Amino acid sequence: MYSTSSHLPESSRAAIVKTLNERLADGLDLHSQIKVAHWNIKGPHFAALHPLFETFATELAAFNDEIAERAVTLGGLATGTARHVAASSRLPEYPQETTRGLEHVRLLADRFGVYIQGLHASRAISDENRDADTSDLLTNIITTFDKHTWFLLASLEG
């Protein structure tokens, strides 16, 4: 850890950086999985889901950047190479042979749930360490991905 202008003690910053890097690994993996769904979707829901998946990927890419930058701002390093992500992500592997639209919806909804669980765990760590700024960042991501999950689950109704 290098010194920063943060008011937080180094031990708190280290714990928060660790959990942010865990979320970064999940987020980078999720981004690649969303892109696989976006590229390979077929079927009657293509016109609606193809751009929706791109919206998810674009928003997640911005959140991944914010998470990485927050880790560095707190005096840590952002870790996120493809090999690191493959070794660290908690998300299940995405079945790349999937093409049917609603199957992609189900798979992504499951993965969004895992991602959101991790965000909640990270927010609890930032709350325990009195880092309101990181908690606010994570709350924003949770709120956004809760809504995205609702979009996906609503698509499966009927």
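Some conventions before the structure. The model is predicted, so local features need pLDDT of at least 70 and side-chain atom pairs count only at pLDDT 80 or more, while totals for chains, interfaces and linings use all residues. Residues are numbered from 1 along each chain as its sequence is written, and side-chain values use heavy atoms, with hydrogens and water left out.

The overall fold, then. The protein has five helices and zero strands, where helices are DSSP runs of H or I with at least four residues, strands are runs of E with at least two, and numbering starts at the N terminus. The radius of gyration is 16 Å, close to the 15 Å that the globule rule gives for 158 residues, so the protein is as compact as a globular protein of that length. That radius is taken over C-alpha atoms, and the rule is 2.2 Å times the number of residues to the power 0.38. Along the principal axes, the C-alpha atoms fill a box of roughly 55 × 30 × 20 Å.

Of the 158 residues, 44% count as buried; buried means under 20% relative accessible area, exposed over 50%, and partly exposed in between, with a 1.4 Å probe and protein chains only. Among contacts with a separation of 6 or more, 77% come from residues 24 or more positions apart, a contact being heavy atoms within 4.5 Å.

Next, the largest pocket. A pocket here is an open set of points on a 1 Å grid over the protein atoms alone, where a 1.4 Å probe fits, with protein on both sides within 12 Å along at least five of seven lines; lining residues have an atom within 4 Å of a point. The lining has 16 residues, and Asp29, Ser32, Gln33, Val85 and Glu93 lie nearest the centre. Helices α1 (10-40) and α3 (82-88) each supply at least two lining residues, and α1 gives the most, with five.

Which residues does Asp26 touch? Leaving out residues up to four places away in sequence, they are Ser88, Ser89, Arg90, Leu91 and Tyr115. Asp26 itself lies in helix α1 and is buried, with a relative accessible area of 0%.

Last, Asn140. This residue is in helix α5, residues 132-156, and is partly exposed at a relative accessible area of 39%. Its C-alpha atom is separated by 9.2 Å from that of Phe63, 77 residues apart along the chain.
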